[in-house]
Amino acid sequence: MAEAHQAVAFQFTVTPDGIDLQLSREVLKHIYLSGVTSWKKRAIRFKNGVLTGVYPASPSSWLIVVIAIMSTMYARIDPSMGMIDRIKTSLPVSEFMTVQTQTVLSAILFATGLWLSFIFLLRYILKALLSYHGWIFESHGKMSFSTKVWLSFVKLLSGRRPLLYSFQASLPHLPVPSIDDTINRYLESVRPLLDDEQYKQMEIVANDFKKDPAPKLQKHLKLKSWWATNYVSDWWEEYIYLRGRDPIMVNSNFYTMDLLYVIPTHRQASRAANIVHAMLQYRRKLERGELTPLRALGIVPMCSFQYERMFNTTRIPGIETDFVQHLKDRKHLVVYHRGRFFKVWLYYGGRHLWPSELELHQTPQQQLNLIDTQKFPKYVGAGGGFGPVADDGYGVSYIIVGENLITFHISSKFSSPETDSFRFGQNIRQAMLDIRALFNPKEKKM
């Protein structure tokens, strides 16, 4: 692969006769193709960024507005009510800018301003329409006349062929509920969990909260809601998601499967190669913003912000809180197999590898780079995820593999008689064996 041979693309040797320079044409070709692909990707992203930035209008609509304004000027009709003449007087006069050039440029500037104003007006109207939530509470299969009219206006103003992030600027901000609504909903949620005496005490606490700290906190929330599209998302991610200490592998990670009632093939390398290739094609559309946004009822757009971190993103464990690391682009994936991790390249000459090419990476001899697990191969597992919280404690996580295997990951800050990860692992192993013996008396007798 080009990435594996870039280090030897240029070779030179110093001899008594001079410097002997050798160039690898094949590698230079791959570097060139990789550069071309990178610039194509940037160009496509720029184009889609322009389309998203002017949505629900289109760049062609700007040309239509300019032609319309120029046509009215030749017909000696001033649709700007004098604004074109004001713009004209503010332009400098020089030998390169004649009176006629000033007139044309003034008309183009006025048409551009009118076009941008029209875009902002459409976005504001669409945002106001999307603030209506009555359709959520209607019975399934039944729709009121007002909701049908509302859906018609939303569909009319949504434009044609939206990209993934086309509606982001038109989505309404998350509204801040009133203090009374917040307290009432909280009391309703805790009522089934408390008896009458405890519930009365909770009502007293809620009323005290309503009088003193609630108004101050409400002002802070409203202030944040003015400049943040969602005033609670960053707090939820930091204090709820990233500070959660539950095992990630079995609670948070998502996965994909290549079968539904029919198994395409029993060769795992072939199935894995097809899945990886399909994910690469999906990631390419995602990075370019070419996916269709998710829309309820096929009309109401949903927020697409979370799509940005679907790939090239990892959660780095911490002591009190984790943090999310997102990389712009990566050209490899990591494969876990029988206690070892492998680094597999996904590109060749600036293009994605085909499934048949990915399948060839099934052996270490075919450019699979092992990630530093030879030192302790016996203790390498897939259950990692948490570090120790205290200096004299342990970090423990687990993952259930199949029906007959549980993998534990244990770590400690220091190796001492009080904190010995290996000894703790042996104790867990013995505990698992004791539990199995309870359900298998014959094994216990043996």
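Tutor: Two strands pair if DSSP finds at least two bridges between them. Strands (E, at least two residues) and helices (H or I, at least four) are DSSP runs, numbered from the N terminus. This is a predicted model, in which local features need pLDDT of at least 70 and side-chain atom pairs count only at pLDDT 80 or more, while totals for chains, interfaces and linings use all residues. Residues are numbered from 1 along each chain as its sequence is written, and side-chain values use heavy atoms, with hydrogens and water left out.

Student: How many bridges join β5 to β6?

Tutor: Four bridges join them, and the two strands run antiparallel. Strand β6 covers residues 323-326, and its His 326 is the bridge partner of Thr 313.

Student: Is Ser 304 buried or exposed?

Tutor: Ser 304 is buried, because its relative accessible area is 0%. Ser 304 also lies in the loop between β4 (300-301) and β5 (313-316).

Student: Which residues does Ser 304 touch?

Tutor: Leaving aside residues up to four places away in sequence, Ser 304 touches Leu 164, Tyr 165, Gln 168 and Pro 293. Contact here means heavy atoms within 4.5 Å.

Student: Where is Leu 297, and what is its phi?

Tutor: Leu 297 sits in the loop between β3 (295-296) and β4. Its phi is near 60°, again positive in a residue other than glycine.

Student: Changing topic, which residues does UniProt annotate as "transmembrane region"?

Tutor: The unreviewed entry gives residues 50-75 and 104-126. UniProt positions are in the numbering used here, feature names are shortened, and annotations may be inferred rather than shown by experiment. In the model, residues 50-75 are 77% helix and 0% strand, with end C-alpha atoms 32 Å apart. Residues 104-126 are 100% helix and 0% strand, and their end C-alpha atoms lie 33 Å apart.

Student: What lies between α2 and α3?

Tutor: A loop that includes Pro 56 lies between α2 (25-53) and α3 (59-74). The peptide bond from Tyr 55 to Pro 56 is cis, with omega near 15°. Most peptide bonds are trans.

Student: And Tyr 348, where is that?

Tutor: Tyr 348 is in strand β9, residues 347-348. At 26% relative accessibility, Tyr 348 counts as partly exposed. Its C-alpha atom is separated by 9.6 Å from that of Lys 331, 17 residues away along the chain.

Student: How many helices and strands are there in the protein chain, and how many of its residues are buried?

Tutor: The protein chain has 14 helices and 13 strands. Of its 446 residues, 25% count as buried. Among contacts with a separation of 6 or more, 59% are between residues 24 or more positions apart.

Note on methods:
Buried means under 20% relative accessible area, exposed over 50%, partly exposed in between (1.4 Å probe, protein chains only).
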